[in-house]
Amino acid sequence: MAEDTTAYGGAIGATANVEGPSGFDFRGLDVTNTVEAADSGKAAGKAAKPGKGGKGKAAKSSKSASKSAAKAGKSGKPSKGATGENPAKDAGPLLFRPITLRGLTIRNRIWLPPMDTYSAFAQDGRPTPFHYQHYVSRAMGGFGLIIAEATAVAPEGRISPNDVGLWADWQIDSWKWIVEGIKATGAAAAIQLNHAGRKGSTGSFTVGYERETVPGEASGWPVVAPSAIPFGGYATPRALSIDEIHGLVDAFAAAAGRAVAAGFQAIEIHAAHGYLISQFLDPLSNERDDEYGGGFEGRTRFLLEVADAIRGVIPDDMPLLVRVSATDWAAGGWDLDQTVALAQLLKAHGVDLVDVSTGGIVSGVTVPVKPEYQVPFSAQVRKRAEVPVTAVGLITKPKQAEKVLAKGKADAVEIGRAALRDPYWPLRAADKLGVPVTEAPYQPQYVRGAY
């Protein structure tokens, strides 16, 4: 693929056309890859016996499994397109049942959502040893799907100067060892592709200017959007031309191709939280009067073109996910009914699962944050659009997460902030729900420390 680092014409910041340093050691370690050794250890570990209390855990598991299966009933079944592939485990808690999307079977329904870490310290879009430890430790902790954080499809599409990216071929190898590390644990690896639009060039703990636009002299850049409407007190963006929009569709597709080359097993399009695609979706941020604005059809055009372009460059058996904000919590803006209609369109365009979140599109709104505050939206999208969904929103306890699935409100749950505190949340959940150690997603090296 071409290594053009400019997604579209126009003025860009000094850091936009960043180049990869020659001889860059993307591991940060002068050691050989140990993925094969990890695979061998994992196979050997399958025969490991549980520690103390094994008999009690098995009995506890049997009781919990019967109770979970009885409660699940019809509502606990996954939607069309999402199926389990291990009948032997279908008697246990729903959280630990496999789920299949297209050709990818994911070992359980506890997923790590994409959470920005702002830790590409060289500001070249390359992940670092921090990212390896961050993602692989959670894969070792038992998560079924690891979704890597918002990854820019163009330098100007970064949220902050320290965001990761896949806008150039020389960034591919920086991701490979992370993907290999995730897979070696038995987890699956996905990546979220994003363009920040008017919320780009913003500050973080690594560069300062938090909750502000980073100026050009501090590695910032001019921002773009569907319309010249700023987000809160951030810099006013320049409205994209139609040719530039077409160029960004190509940029998403090119980044997806690089993700495939890096070994990722699923792609997620970021169409939520007020970044560029959701800026096109929302009438409060999109005042265009051309084919990319106006009514629902025009405002959804950019996302559908991106989905089609990505679907056209990734393998047929690779799942395609889309993250959406089901509401912006503001009158006259994007809402649940439009989200349901969009989910139906996405399904027709080859999208396999909708990752349902809310908010972030406009500033100054009141969000009723409380445990499971976003779950009702995923439940409605799942029911009305008949598409597999994930649920997020202060889901922190194992039994709480299990009930979300048992009541048919989602096909998988994403554990975000709780996973930052506890990389081994799924292993603790397995214990709380009575899953035997031999069936829980322990790495063989950690079985001796099992709950």
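Select helix H10, residues 398-406, and pick out Lys 403 within this helix. Helices (DSSP H or I, at least four residues) and strands (E, at least two) are numbered from the N terminus. Lys 403 is partly exposed, because its relative accessibility is 48%. The scale: buried is under 20% relative accessible area, exposed is over 50%, and partly exposed lies in between (1.4 Å probe, protein chains only).

This is a predicted model: local features need pLDDT of at least 70, side-chain atom pairs need 80 or more, and totals for chains, interfaces and linings use all residues. Residues are numbered from 1 along each chain as its sequence is written, and side-chain values use heavy atoms, without hydrogens and water.

Next, move back to the loop between strand S14 (389-391) and H10, and select Leu 394. Leu 394 is not a glycine, yet its phi is positive, near 55°. With a relative accessible area of 33%, Leu 394 counts as partly exposed.

Now go to the loop joining strand S2 (99-101) and strand S3 (104-106); Arg 102 is there. Its phi is also positive, near 50°, in a residue other than glycine. Arg 102 has a relative accessible area of 37%, so it is partly exposed.

Then select helix H4, residues 172-184. H4 has 13 residues and reaches 19 Å from first C-alpha to last, close to the expected 18 Å. That expected span is 1.5 Å times one less than the number of residues. Colour the buried residues of H4, including Trp 175, Trp 177, Ile 178 and Ile 182.

Last stop: Gly 186, which follows H4 and has a positive phi, near 100°.
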